[in-house]
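Reader: I have a structure to look at, and I would like to know what the terms used for it rest on. Could we go through them one by one?

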Amino acid sequence: MFGRRFVFGRILGFEIRADPTWAILFLLILWSLASGFFPAMYPGVAAGTAWGLALVGTLGLFASLLFHELAHSVVARSYGVKVGGITLFLFGGAAEMESEPASPRAELLIAGAGPLASLFLAVAFYGVTGVVATAGAPDPIVGLPYYLAVVNLALAVFNLLPAFPMDGGRLLRAALWGMGRNLRRATKVASRMGQGFGLLLIAGGAFQAIAVQNFVGGMWWVLIGVFIHGNAGMTYKRLLDRLSLKGLTVGDVMTRRPVTVDPDSTIQQIVDEVIYRYHHHRYPVASGRRLLGWIGARQVQGIERARWPELRVGEVMAPADTSATIPASADAETALDRLQARRDGWLMVTDRGALVGVVALRDLQAYLRLRAELGGRAGPPQASA
Ligand SMILES: [Zn+2]
């Protein structure tokens, strides 16, 4: 979901970073506070004061959001769920969990921690509002903790809606899972509700944009609806994939005996004899079984044709480093994660430095479909990228 990200640093060991789309959210909130909230609450407030308060309010909002995500992350870590970091993006923040909670109880506490943290902040900021007001601070200053109290309450309530992937959806899944003991069915119900809620937001947003002439607000709803709808469906599909890969190793699902090329072959030779013949996008470069690197059709495209007859594969291949390889003994779920994170969706499988196969996201997905059709009794995939 995320591309290039800006890293702020670490809090409690979790990397805090922002997706470029976060800048849009930041500016949108800053602008709506400076030109909407503060002038509406305190008519006659000076523009400079409003913008200053808006900036502090926006920073306070994102600090609150981080507090919410940190609460999820700390509880997740205590239950052995690995958290890859916290990312701020267009629609808020996300603690990126790299595995599923092991029990309904773990899921309940991990999901509940965020809204609880937001509720706590809402109460705390409400208390601060009272103290600041009693101390006789000017009105717009009192508005700042008041805004943060309201926004944290809104964060808690919105996240508690029972629509996966929001916290309320996770709580619902934990409850269903705890009662029925079937993660798959619990996820299905919670995801369907998430998809339904997403569609509701899209319809509501379209209505606002068209009937109420609130175009910006309406489109914002539509965008959030599309995001929630897509995420709910994807989460369910990913869970099904994971469940079918449980207990399998990369060696079980890889394509054995892949077509390899020799480092001493010329580019012309591999174009004529390998690329046009097998139509794969990438080939491991190996000498015997020893893996040396890999070469792809795209690299070949980048080389001047006149040089094809003399240039050797070994001179232009990409290295077979750990980013391009995975051990045959690694579990298949890890392979799925790494393939989904890679742009080319392709990894070479090794066993003590020797090439034993390749695994591609496309093949793994085909394998999962086969397994679903045959009721979990398919053999390893045979095609290759
Ligand atoms: Zn949350």
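Author: What follows is a set of questions about the terms, each answered from the model.

Reader: What is this model, and what makes up the protein chain in terms of helices and strands?

Author: The model is predicted. The protein chain has 13 helices and 11 strands. Along the principal axes, its C-alpha atoms fill a box of roughly 80 × 55 × 45 Å. Of the 385 residues in the chain, 46% are buried.

Reader: What makes His279 exposed or buried?

Author: Exposed means over 50% relative accessible area. His279 has 59%, so it counts as exposed. His279 sits in the loop between helix 9 (267-278) and strand 6 (282-287). Its phi is near 60 degrees, a positive value in a residue other than glycine.

Reader: And what about Arg352, buried or exposed?

Author: The relative accessible area of Arg352 is 78%, so Arg352 is exposed, as the cut-off is over 50%. The loop that holds Arg352 runs between strand 10 (346-351) and strand 11 (354-360). Arg352 has a positive phi, near 50 degrees, and is a residue other than glycine.

Reader: How do you know that strand 1 and strand 2 pair?

Author: Two strands pair if there are at least two bridges between them. Strand 1 (residues 6-11) and strand 2 (residues 14-18) have five bridges, in the antiparallel sense. As one example, Arg10 has Glu15 in strand 2 as its bridge partner. Two residues lie between the strands of this hairpin, and Leu12 there has a positive phi near 55 degrees.

Reader: How are strand 3 and its partners joined?

Author: Strand 2 and strand 3 are parallel and share three bridges, against the at least two that pairing needs. Ile16 has Ile86 in strand 3 as its bridge partner. Strand 3 (residues 83-89) is also joined to strand 4 by five bridges, and here the two run antiparallel. Strand 3 and strand 4 make a hairpin that has two residues between them. In strand 4, Ala95 is the bridge partner of Ile86, and Met97 stands opposite Val83.

Reader: Why is strand 3 described as largely enclosed?

Author: Six of the seven residues in strand 3 are buried, so strand 3 is largely enclosed by the rest of the structure.

Reader: What makes strand 1 and strand 4 edge strands?

Author: The open sheet has four strands in the order 1-2-3-4, and its pairing is mixed. Strand 1 and strand 4 (92-97) each have a single partner strand, so one side of each has no neighbour in the sheet. From one strand to the next, the twist averages 25 degrees.

Reader: Which peptide bond is cis, and where is the proline found?

Author: The bond from Phe164 to Pro165 is cis, and its omega is near 10 degrees. Pro165 is in the loop that links helix 4 (139-159) and helix 5 (167-180).

Reader: Why is the second largest pocket said to lie between domain 1 and domain 2?

Author: Domain 1 (6-245) and domain 2 (250-373) both contribute residues to its lining, so the pocket lies between them. Among the lining residues are Arg184, Lys237, Asp241, Gln365 and Arg369. Helix 7 (215-245) and helix 13 (361-373) are the elements that give two or more residues to this lining. Helix 13 gives the most, with five residues. The volume of the second largest pocket is about 270 Å³.

Reader: How do the lining residues of the second largest pocket divide by type?

Author: Five are charged, three are nonpolar and two are polar.

Technical notes
Residues are numbered from 1 along each chain as its sequence is written. This is a predicted model: local features need pLDDT of at least 70, side-chain atom pairs count only at pLDDT 80 or more; totals for chains, interfaces and linings use all residues. Side-chain values use heavy atoms; hydrogens and water are left out. On a 1 Å grid over the protein atoms alone, a cavity is a set of points where a 1.4 Å probe fits but cannot get out, and a pocket is an open set with protein on both sides within 12 Å along at least five of seven lines; lining residues have an atom within 4 Å of a point. Grid points are joined across faces, edges and corners, and a volume is the space filled by probe spheres set on the points. Ala, Val, Leu, Ile, Met, Phe, Trp, Tyr, Cys and Pro count as nonpolar, Asp, Glu, Lys and Arg as charged, and the others, Gly among them, as polar. Domain bounds come from an automatic or database domain assignment. Axes are lines fitted to C-alpha atoms, for helices over the stretch in contact, and angles run from 0 to 180 degrees between N-to-C directions. Buried means under 20% relative accessible area, exposed over 50%, partly exposed in between (1.4 Å probe, protein chains only).
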